[in-house]
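Here is a friendly briefing to read alongside the coordinates. Have the viewer open and follow along.

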Amino acid sequence: MVNNTFNHPSIIIWAFLNEGASESGDACRDAYQTQAARYRELQVNGLVSWASNKKTNDVCLDHADVVSFNSYPGWYGDSSDHSLTDQLATVQPTIVEEASWVAEHQNKPFIKSEIGAGAIPEWEDLFRGFWTADYQASLLSIVAETVASNQNFTGVSLWQFFDVRTYNGPKALGRPRALNNKGLLDEYRRPKRPSFDAIRAVFQGKAKQDSCPSTLSCP
């Protein structure tokens with residue numbers, strides 16, 4: 001892979017060992033340090049990172065050029081029957097705390113490399129709860145607005161672009177339609193609304209703001 005794409009213009013970060021055992025000192029020495037050094041030895045055109053779900057417990061981050069954290073506040077991790085408002089209220093504080101920790105302890109670019117919520121296409125619910133595009137839109141809007149307005153974030157990768165097939169067996173019981181339904185588009189690449197429109201509005205607004213000098217009155 002590296003030999004074929006080492007200077008590809010679309011590759012800016014080389015990553016490995018997704019959600020690995022990066023809380024282990026042995027893993028750092030035997031895997032993360034070794035692989036990071038190998039990528040640099042090959043003089044790849046890009047920075048080195050990995051998507052860590054160990055976050056602040058990751059002891060290997062000295063070997064990364066970019067810090068990347070995966071987490072799903074407002075979706076995974078809290079099985080209590082809290083209100084939707086309470087669930088959504090955890091999103092911004094969680095990711096801001098992550099970004100602030102990286103800025104203080106690592107002083108490296110920080111990417112929110114996975115975050116999201118599932119939505120079953122065209123399924124509507126008066127309560128606008130889990131698995132609806134309304135809840136997905138609410139959660140992702142918080143993420144996008146937070147990342148766009150906080151200088152401790154270098155970027156975000158909303159998980160994910162479109163729905164994909166996952167399990168065929170019993171694990172599919174936790175995946176409606178046996179798909180990972182976190183896409184902003186469904187499996188046929190059709191936008192999920194209002195999620196798609198909400199995210200587009202946030203980032204289009206940010207791009208327009210950045211392109212308009214403060215001394216001008218832009219439309």
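Predicted model: local features only at pLDDT ≥ 70, side-chain atom pairs only at ≥ 80, totals over all residues.

Residues are numbered from 1 along each chain as its sequence is written, and side-chain values use heavy atoms, with hydrogens and water left out.

**Nonpolar core**
- The largest nonpolar core holds 38 residues, and Phe16, Tyr39, Trp50, Phe110, Leu139, Val143 and Leu158 touch the most other members (such a core is a set of buried Ala, Val, Leu, Ile, Met, Phe, Trp, Tyr and Cys residues joined through side-chain atoms within 4.5 Å).
- Helix 5 (133-149) is among the elements that each supply at least two residues of this core, and helix 5 gives the largest share, six residues (helices are DSSP runs of H or I with at least four residues, strands are E runs of at least two, numbered from the N terminus).
- Phe16 is in contact with Tyr32, Gln35, Ala36, Tyr39, Val48, Ser49 and Trp50, leaving aside neighbours within four places in sequence (contact means heavy atoms within 4.5 Å).

**Phe69**
- Phe69 sits in strand 4 (residues 67-70) and counts as buried because its relative accessibility is 0% (buried is under 20% relative accessible area, exposed over 50%, partly exposed in between, with a 1.4 Å probe and protein chains only).
- Phe69 and Glu98 are 29 residues apart in sequence, with 8.0 Å from C-alpha to C-alpha.
- Beyond four places in sequence, the contacts of Phe69 include Glu98, Trp101, Val102 and Phe110.

**Asp186**
- The loop between strand 8 (179-180) and helix 6 (195-211) contains Asp186, which counts as buried at 4% relative accessibility.
- A polar atom of the Asp186 side chain lies 2.8 Å from the backbone nitrogen of Tyr188.
- Asp186 also touches Pro121, Phe162, Asp163 and Lys192, not counting residues up to four places away in sequence.

**Aromatic rings and charges**
- The whole structure has 15 aromatic pairs (rings of Phe, Tyr and Trp, the last by its six-membered ring, pair if their centres lie within 6.5 Å; planes under 30 degrees apart are stacked, over 60 edge-to-face and the rest tilted).
- One of them joins Tyr72 and Tyr76 edge-to-face, at 5.2 Å centre to centre and 65° between the planes.
- Tyr72 is buried at 11%, whereas Tyr76 is partly exposed at 43%.
- Ring pairs link Tyr72, Trp75, Tyr76, Phe130, Trp131 and Tyr135 into a cluster.
- Lys182 lies over the face of Tyr72, 5.5 Å from the ring centre (a charge sits over a ring if NZ of Lys or CZ of Arg is within 6 Å of the ring centre and within 35 degrees of the ring normal).
- The charged end of Arg189 is over the ring of Phe162, 3.4 Å from its centre.

Conventions. Polar contact = N/O pair within 3.5 Å; in protein donor to acceptor, adjacent residues only side chain to side chain.
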